[in-house]
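Good morning, and thank you for coming.

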Amino acid sequence: MSGTREATHAGSWYTSSGSQLESELDGYLAKVDPIPELDYAPPVANAKAVIAPHAGYSYSGPAAAWAYAAIPTQRVKRVFLLGPSHHAYLSGVALSRFETYGTPLGDIPLCKNTISELQDSGLFSDMSPSVDEDEHSLEMHLPYIRHIFSGIEDLRLIPILVGHPDARTMGRLSEVLGRYWAEEDTFFVISSDFCHWGTRFSCTPYYPSAPHPSNPVPPVPAAYSSTSTSSAPSSPPEMVKRFDKPGTAAIWESIQYMDHEGMDLLRRPAGQGAVDAWERYLSRTKNTICGRNPITVLLHLVQHVYAGKPEAEHPEFVFVRYEQSSRCMAKGDSSNKSYV
């Protein structure tokens, strides 16, 4: 391990000015409020993992703040960051060869000892420097991590690029990562946007009669407003694989419902059948959740760690923010992305 990974997306996906970036992140975090009905009062003392988006900060920065505000930074010294591979096909999982990751707010040292232990497992390949620096799913979390851990000099990062690990690799990976999950000072960040809807993404599934989500994530209202055209059907809604003509639900409402379906399946990650239900959902909806594989790694890990433990000890995911980049109304509106 040697050298520093450059912040290759600074100046395009987010500002390269350290002072401006710090001000922007402070502004996003300042807008995070407690949600008493969800028992969300950041930082969350017993939090162990978050799912957060990785789009440009003008799109996903405000939503990501709700995840980063939850991290109990005073007890965390080591962060595992799992992100999907966007530019290179990867059959399994890979580790960085750099010694530090650079950000406009300062460098983040990688944990050499932990990475060496992971390499010894034989499960991981090495990312090439070019693949590492091209990948935004990892980089977009670095300024937030550096910012919220400002002044904590012994923080160490373990970035893991997740490709398409098979079931055997998933099982072994859960055993390896499970040892670190048990340690109090270790935290997991899962990098994922949710639905990328539109023809440019080859993704136009549609629920013509999409109901309102049964567990709406703020700021989605608890009930439809008077301007909504949708109403809950008497039976589970039918999906068409390609949008053709509008039904009673707007496209953005259909996307909202589909994303909430997925979030609902993740709420009890240690529950029996959670992995199978998640994979069936992905197969059925074809929802373009780009971090689906890192999320699946997390599900397998939680299943392994809590196997045989009382249900009262099982963790849960509490989703506290859901946003869309725009309200998609027509098939040609191909820029809709969702962030949780």
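Predicted model: local features only at pLDDT ≥ 70, side-chain atom pairs only at ≥ 80, totals over all residues.

Which residues are linked in a network of salt bridges? They are R5, D132 and E139. A salt bridge is defined here as a side-chain nitrogen of Lys or Arg within 4 Å of a carboxyl oxygen of Asp or Glu.

Residues are numbered from 1 along each chain as its sequence is written, and side-chain values use heavy atoms, with hydrogens and water left out.

Let us begin with the whole chain. The protein chain contains 10 helices and 12 strands; these are DSSP runs, numbered from the N terminus, with helices being H or I of at least four residues and strands being E of at least two. Along the principal axes, the C-alpha atoms of the protein chain fill a box of roughly 55 × 50 × 40 Å. Of the 340 residues, 54% are buried. Buried means under 20% relative accessible area, exposed means over 50%, and partly exposed lies in between, using a 1.4 Å probe and protein chains only. Among contacts with a separation of 6 or more, 82% join residues 24 or more positions apart, where contact means heavy atoms within 4.5 Å.

I now turn to the salt bridges, of which the structure holds 10. In one of them, the closest N and O atoms of R5 and D132 are 3.3 Å apart. This pair links distant parts of the chain, with R5 in strand β1 (residues 4–5) and D132 in helix α4 (residues 129–134), 127 residues apart. Are these residues buried or exposed? R5 is buried, with a relative accessible area of 0%, and D132 is also buried at 0%.

Another salt bridge joins E183 and R78, with the closest N and O atoms 2.4 Å apart. Because E183 lies in the loop between α7 and β9 and R78 in strand β3, the pair ties together parts that are 105 residues apart in sequence. E183 is partly exposed at 34% relative accessibility, whereas R78 is buried at 10%.

Finally, R75 forms a salt bridge with E184, with 3.6 Å between the closest N and O atoms. The two residues of this pair are 109 residues apart. E184 is exposed, with a relative accessible area of 56%.
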